[in-house]
Amino acid sequence: NPSSTPGLLYYAALALGFAGTLLLSPKWLVPAFAWITPAALLYFSRNAVMRRKWLILFATLFLGGLIASYEVFPMPLVVLIIFSLLDAAKNMLIYILDRKFIDTNYRFIHTLFFPAAMVAKEYIESNGGGGVWGSLANTQFNFPWLIQLASVTGLWGISFVVYWFSSMVIWAIHKKIRKENYTRGVFAYATLLAVILVYGVARYNSNQSDKLNVVRTAGLTVPTMGFLESLYEDVSGKKIRIDWKISQSSSQLQEVNKAFVPFIENPDSANFSRSFSSLKKLHDSLFGLTQKAVSAGARIITWSEGNGLVLKSGESALLQRGMGFAKENKIYLLMAMAVIHPGKITPGKKFIENMAVLIGP
């Protein structure tokens, strides 16, 4: 009877789930915890018998998600708290529905509910502004045999297999405690996972490049910190040095970003001489790295999102430069640009446009 399990074991599972949530953050990513964390939280939600169980679980999901996302998501703390509350509520709903769906004699097929619900949540969220940012599959990037599954199922199959592992483990523990047979279910999951990994090994190690028309690609990034430092000096008259590893939500970067306001509202070259000089260096560096990629054999080259920072008045010239470069070098160039629209910043005004322009040879 699961209710006879000591309460200490429930809290240990909860603590493991909380620690695992933190260790799945991009700040400290430990991929193995993608398999462990949901299992620990499932063990607590399905078996714990205590007052305020769901409130305790909600607090764990909220605080774990908040700490894991802090200094990762580029948003103010208040907004991050709201997002973390909403995400914890969505996850909480799945754990509650899972507990209601599973009775004390649940069968093997019932193990599919939890992974199906979690992947459905990921899929629905992927259609929002964040895309697949929060998908559990992203944590498995260094498991090349497993991630070959994306060639068959897309991202969703990877998440499903990992979430299903958690549900399977808790199901097997439940059956073992009740002295019921669980070997066939475990064997079925293990067989499927083995097939996936064998396919992954074969696909990962297949080398048919001599039979294919291989096209080399390149992605490149130029740091924008130099421009921000120049912008800050033009506005405040003070020099500043920004660490390239600074968090997107750090107070220093938010302070520096305030210098964007006068620049956007009135980008006069006389008042922003250093900034305009830095923008020119930024563009020259982008094309310099692009030329280096071409020399290394790349024929499809992409810039990082928003890396081509440019005023609306300079957009056409930058595009013309890209078109000339692509034509001369016979390449495809994806120019990722952040186009600044000058003028008074008012609610609803588009003052920075996120663009991706693909130019063919």
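Over which residues does pLDDT stay under 50? I looked at residues 1-5 and found that answer there. pLDDT is the predictor's confidence in each residue, from 0 to 100. For residues 1-5 the model has eight contacts beyond four places in sequence (contact means heavy atoms within 4.5 Å).

I note that this is a predicted model, where local features need pLDDT of at least 70, side-chain atom pairs count only at pLDDT 80 or more, and totals for chains, interfaces and linings use all residues. Residues are numbered from 1 along each chain as its sequence is written, and side-chain values use heavy atoms, with hydrogens and water left out.

I checked confidence next. The protein averages a pLDDT of 91, and 96% of the residues score at least 70.

Then I searched for aromatic pairs. The whole structure holds 18 (ring centres of Phe, Tyr or Trp, its six-membered ring, within 6.5 Å; planes under 30 degrees apart are stacked, over 60 edge-to-face, the rest tilted). I picked Phe-227 and Phe-263. Their centres are 5.9 Å apart and their planes at 70 degrees, so the pair is edge-to-face. Phe-227 is buried at 3% relative accessibility, and Phe-263 is buried at 0% (buried means under 20% relative accessible area, exposed over 50%, partly exposed in between, with a 1.4 Å probe and protein chains only).

I moved on to Phe-287 and Phe-325. This pair is tilted, with 5.7 Å centre to centre and 55 degrees between the planes. Phe-287 is buried at 5%, and Phe-325 is buried at 11%.

Last, I noted a cluster. Ring pairs link its members, among them Trp-35, Phe-108 and Tyr-189.
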